[in-house]
Amino acid sequence: MSDLQDSLVELIRRTSAEIPDDVQKAILTSLENEKKGTIAESAFKIIEANIKLAKQKSQPICQDTGSIIFYVECPVGFDQITFEETARTAVTLATKKGYLRQNSVDSLTGKNDGTNVGPGAPTVHFHQHRSSEIKVSLMLKGGGCENVGAQYSLPSEKLKANRDLDGCRKVILDAVLQAQGKGCGPGILGVCIGGDRATGYEYSKQQFLRTIEDRNPNQELDALEQDILKTANELGIGPMGFGGKTTLLGVKICAANRLPASFFVSISYMCWAYRRQGVILSNESKIEKWLY
Amino acid sequence: MTHLTTPITEEKIRALKVGDAVEITGTLFTGRDAVHKYLHEGGTLPEGVSFKDGIIYHCGPVVIKDEEGKWKVTAAGPTTSIREEPYQGHIIKEFGLRGVIGKGGMGDRTLAANKEFGCVYLHAIGGAAQVLAECIKSVRNVYFLEKFGSPEAIWELEVENFPVVVTMDSHGGSLHQEVFNNSQAELAKRL
């Protein structure tokens with residue numbers, strides 16, 4: 001077993017079993033804000049107990065261990081082929097250990113061979129950079145929240161949404177309304193304004209690599225993020241859609257250039273069981289530092 | 001807090017109202033997309049499985065074999081129920097279910113079947129796979145493991161004090177419909 005394989009199995013274990021600190025903090029703050037004695041409050045209490053128990057037992061926070069998405073930032077000359085092969089082996093091993101559910105199904109035959117490896121699974125995104133650092137982030141994104149993601153094409157006559165920021169606001173809030181509790185709220189939105197149908201969703205997901213508390217450096221987008229968060233939490237959807245004060249924990253928005261003919265707004269929804277971790281690897285592929 | 005033990009009578013189900021917190025003890029059968037489609041298309045339950053006066057749980061658990069070769073559920077939260085909306089009413093009717101556990105709620109056809117046949121929709125906390133796995137005391141059996149794969153198989157689970165909330169009762173009440181209507185009205189004021 002290589003050091004890289006060991007490190008990736010450990011990254012998968014910790015991502016599956018432990019909520020990052022920034023998310024846990026946001027959940028605890030929301031619990032305090034919910035009205036006492038409501039089912040929203042009791043939902044939060046079960047969520048809090050679950051976070052503790054998963055960490056203590058080193059078991060998956062949620063049984064849907066999700067799409068396995070690696071983001072690798074690596075120096076020039078990094079062996080991407082070996083990394084990807086090792087990541088596939090690490091995923092299969094982590095599945096045997098029960099850190100991941102047997103979660104990958106052949107779309108044509110319906111067969112689940114139990115390995116979690118197949119066409120498109122896991123996904124590995126490589127990005128070369130000038131630094132010598134090897135940074136590996138991992139996101140496990142469950143199917144329930146993936147299913148409530150939405151992509152809008154502006155203008156939308158039905159939602160009276162034009163090709164401007166107000167139109168973006170309208171469709172993003174519509175996505176929150178349509179999602180209700182189905183994506184295991186309170187959720188976090190990742191949004192991309194622009195791009196094409198594929199890159200729009202891709203960039204919207206990458207927003208989940210940002211921490212809950214960080215602020216958007218672009219003032220217009222920052223204002224939109226804060227506005228959506230505040231407005232969504234006034235709708236009364238609440239945790240699990242039970243009604244209550246906390247519908248979203250955070251909103252993260254980016255923009256990408258578009259074609260003159262297209263104006264997509266792509267919205268990804270992340271459940272409260274927000275599984276995201278990352279590591280800096282040493283030259284020997286040992287874990288040097290945890291990112292979240 | 002109401003405690004229910006399976007099998008459950010129609011009378012006890014009819015007494016439940018939206019918003020009631022319930023703890024369940026007894027047997028749960030898991031069943032999700034593949035099982036619902038199969039049963040709806042006329043498939044039969046395996047020998048030894050009866051849903052009569054019982055509860056189906058929309059769940060694809062993580063199950064491993066321990067050192068002694070016994071099944072052990074290590075994570076078992078609910079999956080999104082609305083995908084079973086085309087099938088659920090029929091299965092409630094045909095197989096005599098008294099309860100459906102899942103998350104996110106279901107639609108009008110399930111609500112109508114609840115009312116007509118005496119069934120309720122019970123909401124478990126999505127993502128709370130560890131808290132819920134703690135309530136599973138043993139795996140009695142598994143069916144369709146080869147046919148549908150582990151997450152989609154029917155797992156027969158023995159549970160104790162499994163916590164849920166009634167969000168769709170047998171009197172036409174749906175918390176999901178209520179929250180949707182209220183949130184839609186609130187949003188309209190803010191656009």
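At 17% relative accessibility, does Ser285(A) count as buried or exposed? Ser285(A) counts as buried at that value, where buried means under 20% relative accessible area, exposed over 50% and partly exposed in between, with a 1.4 Å probe and protein chains only. The structure is a predicted model, in which local features need pLDDT of at least 70 and side-chain atom pairs count only at pLDDT 80 or more, while totals for chains, interfaces and linings use all residues. Residues are numbered from 1 along each chain as its sequence is written, chains are lettered from A and ligands numbered from 1 in the order in which they are written, and side-chain values use heavy atoms, with hydrogens and water left out.

Ser285(A) lies in the loop between strands E8 (275-281) and E9 (287-290) of chain A; helices (H or I, at least four residues) and strands (E, at least two) are DSSP runs, numbered from the N terminus. Although not a glycine, Ser285(A) has a positive phi of about 70 degrees. Gln180(A), also not a glycine, has a positive phi of about 45 degrees. This residue is found in the loop between H6 and E5 of chain A and, at 8% relative accessibility, counts as buried. The loop between helix H6 (165-179) and E5 also holds Pro186(A), which is joined to Gly185(A) by a cis peptide bond with omega of about 5 degrees. A cis peptide bond likewise joins Ala121(A) and Pro122(A), with omega of about -5 degrees.

Strand E7 of chain A (residues 264-270) is mostly covered, with seven of its seven residues buried. In a regular strand the side chains alternate between the two faces of the sheet. Phe264(A), Ser266(A), Ser268(A) and Met270(A) point one way from E7(A), whereas Val265(A), Ile267(A) and Tyr269(A) point the other way. E7(A) pairs with strand E4 (residues 150-153) of chain A in the antiparallel sense over four bridges; two strands pair if DSSP finds at least two bridges between them. Ala150(A) stands opposite Ile267(A). Strand E5 (residues 187-194) of chain A also runs antiparallel to E7(A), joined by six bridges, and Ile188(A) has Met270(A) as its bridge partner.

Chain B has seven helices and nine strands. Its radius of gyration, 16 Å, is close to the 16 Å that the globule rule gives for 191 residues, so chain B is as compact as a globular protein of that length; the radius is taken over C-alpha atoms, and the rule is 2.2 Å times the number of residues to the power 0.38. Buried residues make up 61% of the 191 residues in chain B.
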